Amino acid sequence: MKTHLALLRGINVSGHNMIKMDALKTALESIGFTNVVTYIQSGNVFVSTPEESPSKVGFLIKQEIYKTFGHDVPVVVIGKKDLETCLTTNPFLKEKEVDTKKLYVSFVSMVLKSDHIHDLKISNIKPDEVNIDESRIYIKYAISPAKTRLDNNYIEKKLNVISTIRNWNTVNKLFELFETI
């Protein structure tokens, strides 16, 4: 059995795409996932399955959410190694006195090349900063994610990917949970 982490985008935000985590757990168990564990209401779901392919797992979850709840929810599926790499390679952590409350990670649906950073049109998002590493975009917000153009919609439009953003605290907590599952 392999454990995957499904990151759901845009659920339980401002009253939209409401899904109770216990109902999601039941729905995913009904299609054969085991050891289903959710973390907070924003859509972080661990599932165990013999299926190795993250894209197949994501498709099955997306399909079941639509069937059960009627929501078309983008899903990015990652593994424990992805989170571990994220925690050890975030370039913003090397800065002195970095405010980790301003650090976020966008997990995207495909591997990016370093030249994709030009597609983000960095001048449009200043003073926020980004760094691309495979299927992750490390973000350091100058003020806050509520006061920026650099959100999921912007990333998806510029890079033609599915994006879901998590704050640094959540990334750390998800890795801790992976360690216990």
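Biologist: How many aromatic pairs are there by the rule in use?
Modeller: The model is a predicted one, and by the rule the count comes to two aromatic pairs.

Biologist: Why is the pair of Phe46 and Phe178 called edge-to-face?
Modeller: Two rings pair if their centres lie within 6.5 Å, and planes over 60 degrees apart count as edge-to-face. The ring centres of Phe46 and Phe178 are 4.9 Å apart and the planes stand at 85°, so this pair is edge-to-face.

Biologist: Which parts of the chain does the pair link?
Modeller: Phe46 belongs to strand β3 (residues 44-49) and Phe178 to helix α7. The two are 132 residues apart, and the pair links distant parts of the chain.

Biologist: Are these two residues buried or exposed?
Modeller: Buried means under 20% relative accessible area. Phe46 has 0% and therefore counts as buried. Phe178 has 5% and therefore counts as buried.

Biologist: What makes Tyr104 and Tyr141 an edge-to-face pair?
Modeller: The distance is 5.1 Å centre to centre, and the angle between the planes is 70°. The cut-offs are 6.5 Å for the centres and over 60 degrees for the planes, so the label is edge-to-face.

Biologist: Why is this pair said to tie together parts of the chain?
Modeller: Tyr104 is in strand β5, while Tyr141 is in the loop between β7 and α6 (152-159), so the pair ties together parts that are 37 residues apart in sequence. Both Tyr104 and Tyr141 are buried.

Biologist: Let us turn to helix α7. Why is Thr170 called buried?
Modeller: Thr170 lies in helix α7, which covers residues 168-180. Its relative accessible area is 7%, under the 20% limit, so Thr170 is buried. Leaving aside neighbours within four places in sequence, Thr170 is in contact with Tyr39, Ile40 and Asn44.

Biologist: Why is Asn169 called exposed?
Modeller: Asn169 is also found in helix α7. Exposed means over 50%, and Asn169 has 58% relative accessibility, so the label is exposed.

Biologist: Which residues of helix α3 are buried, and what do they pack against?
Modeller: In helix α3 (residues 80-89), Leu83, Thr85, Cys86 and Leu87 are buried. The buried residues of α3 pack against several elements, including β1 (2-8), β4 (75-78), β5 (103-108) and α7.

Biologist: How do you know that Val161 is buried, given that its place is in a loop?
Modeller: Val161 sits in the loop between α6 and β8 (163-167). Its relative accessible area is 8%, which is under 20%, so Val161 is buried. Not counting residues up to four places away in sequence, Val161 touches Val108, Ser109, Met110, Leu112, Ile155 and Glu156. The C-alpha atoms of Val161 and Ser109 are separated by 5.7 Å, although the two residues are 52 residues apart along the chain.

Biologist: Which peptide bond is cis?
Modeller: The bond from Lys126 to Pro127 is cis, with omega near 15°. Pro127 is in the loop between α5 (122-125) and β6.

Biologist: Last, the whole protein. How do you know that its radius of gyration agrees with a compact globule?
Modeller: For 181 residues, a compact globule would have a radius of gyration near 16 Å; the protein has 16 Å, so the values agree. Along its principal axes, the C-alpha trace spans about 45 × 30 × 25 Å. The protein has seven helices and eight strands, and 45% of its residues count as buried.

Conventions. Residues are numbered from 1 along each chain as its sequence is written. This is a predicted model: local features need pLDDT of at least 70, side-chain atom pairs count only at pLDDT 80 or more; totals for chains, interfaces and linings use all residues. Side-chain values use heavy atoms; hydrogens and water are left out. Helices (H or I, at least four residues) and strands (E, at least two) are DSSP runs, numbered from the N terminus. Buried means under 20% relative accessible area, exposed over 50%, partly exposed in between (1.4 Å probe, protein chains only). Contact means heavy atoms within 4.5 Å. The radius of gyration is taken over C-alpha atoms; the globule rule is 2.2 Å times the number of residues to the power 0.38. Rings of Phe, Tyr and Trp (its six-membered ring) pair if their centres lie within 6.5 Å; planes under 30 degrees apart count as stacked, over 60 as edge-to-face and the rest as tilted.
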